[in-house]
Amino acid sequence: MNPAPANRSVHPGDRVYRVHWVLGTDRLRAVCHCSAEREFEDPVQLWEWLLSHPDGHVAPQSTSDSGATGTPERGVRTA
Amino acid sequence: MTGFPRDQWYVAAYSSEIGPELFSRTICAEPILFWRTRSGQVTAMSDRCVHRRFPLSQAPSRLVDDQVICGYHGFTYGADGGCTAVPGQTRIPRTARLRRYPLVEQDSLVWVFIGDPARADAARIPRAPYLDSPDYTTVAGMEPLAARFSLLVDNLLDLSHETYLHGGYIGTPEVAATPITTEVDDEAGVVHVSRHMADAECPPFYAKSTGLHGRISRWQDIEYTPPCLYKLHSRIAPVGSVPNADGSDPDAFHVEVVYAITPETEHSTHDFWAVARDFALDDQDVSAFLAENNRTVVLQDVAALNVLERVIAGEPEGYQELSINIDTGGLAARRLLRRQLDASRTPGVAS
């Protein structure tokens, strides 16, 4: 048998969006290529937030102050 | 979503389908005539005579010495699409030329470019090298689908449907129950959806082909390059087995499931499917089993999507949908397709 392809869980690239289904929950964690993260319960709202980059996107270290990281989709910009 | 992106490459046929006879297939609502010339090259040009639009693939049209002769009035065209003879006169009208399509034959697939030929960059064609690799054995087919191609994209990007639509073949309870990871490479234009089941029931499709029974480790890694090429990297292994650090993976069975999703019209699709495996390479029974069972699975999708097309086509635009976590990858694919569709409607822009 042939070697397995390289691990595909993280793909390189400058503009890669990642969405993780948070284990043991019904939540989705969106990770923007700018490192901003946010949790959602609705994939439609999730993509609206991811694709609104850079609007509403703040780096993880500052999101703890704003409460953006780890919060559900309430207040998400849906322009 | 109806319509299809232009200025894109689409799979028109398997290489094995095109020989030294006339062959016709409609791609993105454009009837295209193919044949393999005596030098081995595949040609692609309009399947309509410029005179009165008679199909050049239709008898009594015929191919003689790499020239196609229209069966209606005898207009004759060479492999480059140029007209070489017209009936009853020596002057050949300047506009008597068939439209030619950029074409690339690779990985056992025949790709054509639909759109402005000046934008045809062959380097953008995604690869599926296992389809003609000596390290793999491949079974393949194509089923006509009476549904818009975006419905097949939705279907293939969310494999949780295997549990319900394909139970007894490739579906087990774990598929729908296992969380997915979705990644979108926006610059490369690729959607990845991964579902790694560490301890899952082995479905009959894999039990009979690999010899593994009971519980297995089953990985599904989707790689979709819109609009046409979809690849499912499937890894089947004993529970607890993972690839070695150097990438070798001697305990696992690898199956590369490839789909080419090619619009025929706005409401019909060519559903090309192929299954390439890196084990039991010379076992004809395994080949026959995988071919029969995968075709059965594809036909289960075809039956469901044909119904869905009729339902959706009968509803007003803007019907309400509900999307949940399993749809994350499908929504990403729709976004990339929408971007390609918008670009192909804007002169001077292609993505």
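Start with B:D186, which counts as buried, because its relative accessibility is 7% and the cut-off for buried is under 20%. One caveat before I go on: this is a predicted model.

What does B:D186 pair with? Its side chain meets that of B:R339 in a salt bridge, at 3.2 Å from N to O. Salt bridges with shared partners join A:R15, B:D186, B:E187, B:R335 and B:R339 into one network. Note the chain letters there: A:R15 is from chain A, while B:D186 is from chain B.

How many salt bridges are there over all chains? The structure holds 28. I will take two others.

Next pair: B:D7 and B:R119. They form a salt bridge whose closest N and O atoms are 2.2 Å apart. This one also links distant parts of the chain. B:D7 is in the segment before β1 (8-14) of chain B. B:R119 is in the loop between β10 and β11 (137-145). That is 112 residues apart. Buried or partly exposed? B:D7 is buried, at 5% relative accessible area. B:R119 is partly exposed, at 23%.

Then B:R99 and B:E30. Their side chains meet in a salt bridge at 3.3 Å, N to O. B:R99 lies in the loop between β8 (83-85) and β9 of chain B, and B:E30 lies in strand β3, so the bridge ties together parts 69 residues apart in sequence. On accessibility, B:R99 is partly exposed at 34%. B:E30 is buried at 12%.

On to helices. First, across the two chains. Helix α1 (residues 43-51) of chain A meets helix α6 (residues 328-344) of chain B, their axes coming within 10 Å and crossing at roughly 45°. That angle makes α1(A) oblique to α6(B). The crossing is right-handed.

Now inside chain B. Which residues of α1(B) are buried? They are B:F149, B:S150, B:L151, B:L152, B:V153, B:N155, B:L156 and B:L157. That is 8 of the 9 residues of the helix (149-157), so α1(B) is largely enclosed by the rest of the structure. One helix that α1(B) packs with is α5(B), at an angle of about 130° and with the axes 10 Å apart. The two helices are therefore oblique to each other. Here too α1(B) passes in a right-handed crossing.

B:V307, B:L308 and B:V311 make a nonpolar surface patch of about 210 Å². B:L308 itself is partly exposed, at 35% relative accessible area.

A word on chain A as a whole. It has 2 helices and 3 strands. What order do they come in? From the N terminus on, they run β-β-β-α-α. The chain has 79 residues, and buried ones make up 38% of them.

Last topic: the backbone. Two cis peptide bonds to look at. In chain A, the bond from A:H53 to A:P54 is cis, with omega near 5°. A:P54 is in the loop between α1 and α2 (60-66). In chain B, a cis bond joins B:A59 and B:P60, with omega about 10°. B:P60 is in the loop between β4 (42-46) and β5 (62-64).

B:A29 has a phi of about 70°. It is found in the loop between β2 (23-27) and β3 (30-36) of chain B. At 48% relative accessibility, B:A29 counts as partly exposed. B:S108 also has a positive phi, about 70°. Where is it? B:S108 is in the loop between β9 (103-106) and β10 (109-114) of chain B. It is partly exposed, at 24%.

Notes
Residues are numbered from 1 along each chain as its sequence is written. Chains are lettered from A and ligands numbered from 1 in the order in which they are written. This is a predicted model: local features need pLDDT of at least 70, side-chain atom pairs count only at pLDDT 80 or more; totals for chains, interfaces and linings use all residues. Side-chain values use heavy atoms; hydrogens and water are left out. Patches are made of residues with over 30% relative accessible area and no salt bridge: like charges are joined within 9 Å, nonpolar side chains (Val, Leu, Ile, Met, Phe, Trp, Tyr) within 5 Å. Accessible areas come from the Shrake-Rupley method with a 1.4 Å probe; for residues, only the protein chains shown count as cover. A salt bridge is a side-chain nitrogen of Lys or Arg within 4 Å of a carboxyl oxygen of Asp or Glu. Buried means under 20% relative accessible area, exposed over 50%, partly exposed in between (1.4 Å probe, protein chains only). Helices (H or I, at least four residues) and strands (E, at least two) are DSSP runs, numbered from the N terminus. Axes are lines fitted to C-alpha atoms, for helices over the stretch in contact, and angles run from 0 to 180 degrees between N-to-C directions. Angles under 35 degrees count as roughly parallel, over 145 as roughly antiparallel, 65 to 115 as roughly perpendicular and the rest as oblique. A crossing is left-handed if the near helix is turned anticlockwise from the far one by less than a right angle, and right-handed if clockwise.
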